[in-house]
Amino acid sequence: MSARAGLKAGQAGQAGQVVERLEIQKAWLVDPVAGREGPGEIVVSDGVLESVVWLEGDEAGGVDDRGVVVAPGLLEMHAHFREPGFEDAETVATGCAAAAHGGYTTAAVMPNTQPALDEPGILERVRAAAAASGSPVEVLAYGAVSLDRAGEQLSAMGELADAGVVGYSDDGACVRTPRLLRSALLYAGMLGLPIVDHCEDAELTAGAEANEGYVASVLGLAGWPAAAEVNAVSRDIAVLADALRDEPRARLHLTHLSTAAALDAVRRARAAGLPVTCDVTPHHLAFTDEWIAGSRRWSWEALAADGLSGDPWVDGALTAAPYDTSLRVNPPLRTPADAAACLAAVLDGTAGAVVTDHAPHTAVDKEVEFGRAINGISGIETALGILLSFVDAGKLPLARAVAALTTGPAGIMAGWSRVAGTAAARPRGLTEGAAADLVVFDRADSWQVTADSLLSKGKNTPLLGRSLPGRVLFTVAGGRLAYQDPSPDQA
Amino acid sequence: MTDRQIMTGDEIRRAIIRISHEIVEKQAGTEGLALVGIQRRGVPLAQRIAAAIEEHEGVRPPVGALDITFYRDDLSLVAQQPIVKGTDLPFDLNGATVVLIDDVLYTGRTIRCAMDALIDFGRPRAIRLAVLIDRGHRELPIRADHVGKNVPTSREEIVHVHVAEMDGTDEVAIARQAGDDTDRR
Amino acid sequence: MSAQAGAGAAQAARKDAAPTQDVAWHHRHVLDVDVLTWPEIELIMRTAEEMGGILARPIRKVPALNGRRVTTLFYEASTRTRVSFETAARNLSADVVSIATATSSVTKGESLVDTIRTLEALGAEILIMRHSVSGAPYLAAQVFSGHVLNGGDGWHAHPTQALLDLYTMRQHVPGGDLRGRKVVIVGDVLHSRVARSNIWSLTAAGADLWLCGPATLLRGLDRWAAAWEGGKVPGHGRFHVTSDVAAAIRDADVVMALRIQRERMQSGLLPSLREYAARFGINAERVSRARPEAIVMHPGPMNEGVEIAPDVAASGRSVVTEQVSNGVAIRMALLYLLAGSHDGTVPGAAR
């Protein structure tokens, strides 16, 4: 455990309670709203971020961005908390605990619960569970696009909007038909809310197991073509362009894009002025289909000097057993070149946010043959560590990483008129006088990802046994302590 | 690890001649005799004994080679010595008096395997055993009919038999070496 | 086989000077050919040769695996391969149990992991698995404390088939050396675990390997061949992928036909089996373009009249029946090597 200069947290309090007093001295502050980062100190008193002091000159000596960092609380735009219906895999309570451990103070959950979140009664159950958990993490929700996510009729969109959903999605599946998508865009646009789509042409992906490519060819796995994602993205963009003529408030957000081609399509659409946004996940940034063959090198390490994907069988990169089901995810892990395209999209703003698509699953659902394993990676606790690995490798500036997890998603949500101006889309900065909403992590300290250290019920991550940089020390949500590192090393 | 020579080339030669006489004496002739050398060093020894018998009897008994790899009771040796050397028995065992020939008799397990193997090939009238060295420490009730030399040893010692056909020289030496007993014959 | 009767010291010396005398076997499982080094493959070939010798004896049995429990767990119906494995195990005096999943609790929804744990509790030491999902034996290897031998998984691998194919080919080329020899595999390569494992073993053997079939059934293989261009993967040469069956077969030393399944037609990958037979079928005319001494192989079971013409299947060039008997020898060799690979700590081993 490294020395942490000037942490006074003795009275921070119990999890869930208002933070009486928290002082962080001589740390590196990152405020993406102010567009500023540097040495500084903060004081939280009675739940309010009482003071934010930027240090200059001699006072700032010795403080760099490689130690303790203070950033705004992270905003998760896409998570699965599985309740109601799949409480074995996760509950709202455990999901919030996991989110806080990951540094998140807000999480927007997807409606593929059972029953699906297609009417306000289910939303009430989710809210009640959040309240009962005692966690200060703010839980937002998307409503389903279609009734029971069946892709036939629209869900109770108006009622859901009144009840406070932040958008609509049939995630887990693509909005089934172009006709339904068009209706949804129009109706939701009228309500000032977006359609968040999971882009997958199901006809092309029937029976698919892994990204269609070299690795799948060698491993004998049924291929998941890039065309399946590009097709759906192109369809969605074309339908959006039409819908805008009738309803200028129509908004489209494409979630967890994974291929270079799809990201290119979004880039072109945005350049043409279409109100489409997208996000990428940490696992599509950092892992590749090589991992299924047994590689465990980061995506940038798998890229040859000429920018082409390396070959794990040639490069001696195989260090783990193949066919690890914790790597089965939808969309599938792609090539190193695709991962590089995801990073480029984050850097040039095409992908406005990094979201985890936190998908916890039980061991029963994962400890099966690869082709039969359920898709999903439990990622909300490892997202920060993964992005910090990019920062450590010099691939991503720290401020951009923080922005991708805070102001990025907040900015996307602020583009949805019904959400803009609500607390959900508040700017994520270090603002004096506001309720404290921040995460404090130590880049000089790492943590081991193990079944015990993960607070989520979902232990389905290929990072088990690995250490990640950036141990989270405190997460404060809305002035209350959401997470505190249990190690004894605090003065 | 210092080797102590216990048989010179000449001593080996004389022992082989004596054994060849004993074998014929016990059989009261060469009728029905067949020599089977146990891989690996038992095979050249069997060839030499057959040549010696031919020398003084004018008749050369048939010689075969027996690989007991697949009859061992200890498969853990497979990992270290997976190579099989081959079995070749170019005569009918049924009714023959087979003299098994090996270089060193130790625990007796090799001979037990060899008998199992032989019986899978046919039904010999009798099986006898001739060894160059008997080093004691039997773990099974097995006895050699013909012995070149009895050499009391301790379990920490290893008996090295070198034959010119394989090792370039004829010699028997004892080395003291602590450690695993993988050469338990 | 050794020829020492009446021979002198010279022959004994030559045999003992076998180049891989010091290869030790350390693999706990045999899941695919990709992790085997060439010396290890040669060890398997030589051990199989000895096993072949046992098969030629009046008593085709040795006690090497006496009392060891071998269990076959076949999720895909396959009488031929299962019987081949069972025969191999019995020839080594092992006790064999066969799980036919159609009648087992698997149909009641028991997971693979639970099935394996149950079998382990029942004393299984060596598990021979065939499964329709690629990668399943790797999962088995993680949860089973004994040895796993892959009898075929999905589209991915069929190591014993590739090894017996290699063994058979070596018996028919001069010097048993496949370096530079042209081997062509024609058929549904995309869905073939036999093809994939043969890619690994034949490129390790230095053969000039050609994969041939209609473009829909070659999808992705070109990418793989391109990745291996220029001998990039240590120990494995490049291979060719083409739909030009004439170019592929021309001057080939070995022609292997792969089975075409009716489902490929139904899933839109082939217009018809008749068209496949006409354009790609191994018939007498096509085979005549191969070398005069070329052999014809097939992993079986054959769809005569589709991927292979009946007269070719029955011709003197066909070594299909040898493949079957070599299969038993190869499987005996692998069972023998696996059984001895763990320092005697396999649970329940009779000692």
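Which residue follows H3(C), and is its phi positive or negative? Ser93(C) follows that helix, and its phi is positive, near 70°. The notes below start from the basis of the model and return to this helix in point 7.

1. Basis. This is a predicted model, in which local features need pLDDT of at least 70, side-chain atom pairs count only at pLDDT 80 or more, and totals for chains, interfaces and linings use all residues. Residues are numbered from 1 along each chain as its sequence is written, chains are lettered from A and ligands numbered from 1 in the order in which they are written, and side-chain values use heavy atoms, with hydrogens and water left out.

2. Chains. Two pairs of chains are in contact (heavy atoms within 4.5 Å). Of these, chains B and C share the most contacts. Chain A and chain B do not touch, and their nearest C-alpha atoms are 23 Å apart.

3. Nonpolar cores. A nonpolar core here is a set of buried Ala, Val, Leu, Ile, Met, Phe, Trp, Tyr and Cys residues joined through side-chain atoms within 4.5 Å. Buried means under 20% relative accessible area, exposed over 50%, and partly exposed in between, with a 1.4 Å probe and protein chains only. The largest core has 248 residues, and Tyr168(A), Ile195(A), Met413(A) and Leu65(C) have the most contacts inside it. Helix H14 (residues 320-339) of chain C gives the most to this core, eleven residues. Helices (H or I, at least four residues) and strands (E, at least two) are DSSP runs, numbered from the N terminus. Both domain 1 and domain 2 of chain C supply at least three residues to this core. A second, separate core has 28 residues, among them Ile6(B), Ile12(B), Val151(B) and Val159(B).

4. Ile195(A). Neighbours within four places in sequence aside, the contacts of Ile195(A) include Val145(A), Met157(A), Tyr168(A), Val175(A) and Leu181(A). Arg251(A), Leu252(A) and His253(A) are also in contact with Ile195(A).

5. Helices of chain A. Helix H7 (residues 226-246) of chain A has 21 residues and should span 30 Å at 1.5 Å a residue; its end C-alpha atoms are 31 Å apart, which agrees. The expected span is 1.5 Å times one less than the number of residues. Buried residues of H7(A) include Ala228(A), Ala232(A), Asp236(A), Val239(A) and Ala243(A). Among the elements that cover the buried residues of H7(A) are helix H4 (178-190), strand S9 (195-198) and helix H8 (260-271) of chain A. For H11(A), 13 residues should span 18 Å, and the end C-alpha atoms are 18 Å apart. Its buried residues include Pro336(A), Asp338(A), Cys342(A) and Val346(A). Just after H11(A), Gly349(A) takes a positive phi of about 85°.

6. Aromatic rings. Rings of Phe, Tyr and Trp (its six-membered ring) pair if their centres lie within 6.5 Å; planes under 30 degrees apart count as stacked, over 60 as edge-to-face and the rest as tilted. The count is 17 aromatic pairs over all chains. Tyr323(A) and Phe370(A) are an edge-to-face pair because their ring centres are 6.3 Å apart and their planes lie at 70°. These two residues are 47 residues apart, each in a loop of chain A, and both are buried. The charged end of Arg328(A) sits over the ring of Phe370(A), 6.0 Å from its centre. For such a contact, NZ of Lys or CZ of Arg must be within 6 Å of the ring centre and within 35 degrees of the ring normal. Arg466(A) likewise lies over the face of Trp298(A), at 4.5 Å from the ring centre. One aromatic cluster is formed by Tyr214(A), Trp313(A), Trp200(C), Trp224(C), Trp228(C) and Phe239(C).

7. Chain C. The secondary structure of chain C comes to 14 helices and nine strands, and 59% of its 351 residues count as buried. Chain C is divided into domain 1 (24-158 + 326-340) and domain 2 (160-319), with bounds from an automatic or database domain assignment. Their C-alpha centres lie 25 Å apart, and 29 residues of domain 1 are in contact with 24 residues of domain 2. Helix H3 (residues 79-91) of chain C has 13 residues and reaches 18 Å from its first C-alpha to its last, close to the 18 Å expected. Phe85(C), Ala88(C) and Ala89(C) are among its buried residues.

8. Ser51(A). This residue lies in strand S4 (residues 48-54) of chain A. Ser51(A) counts as buried because its relative accessible area is 19%. Beyond four places in sequence, Ser51(A) is in contact with Glu41(A), Ile42(A), Val43(A) and Glu432(A).
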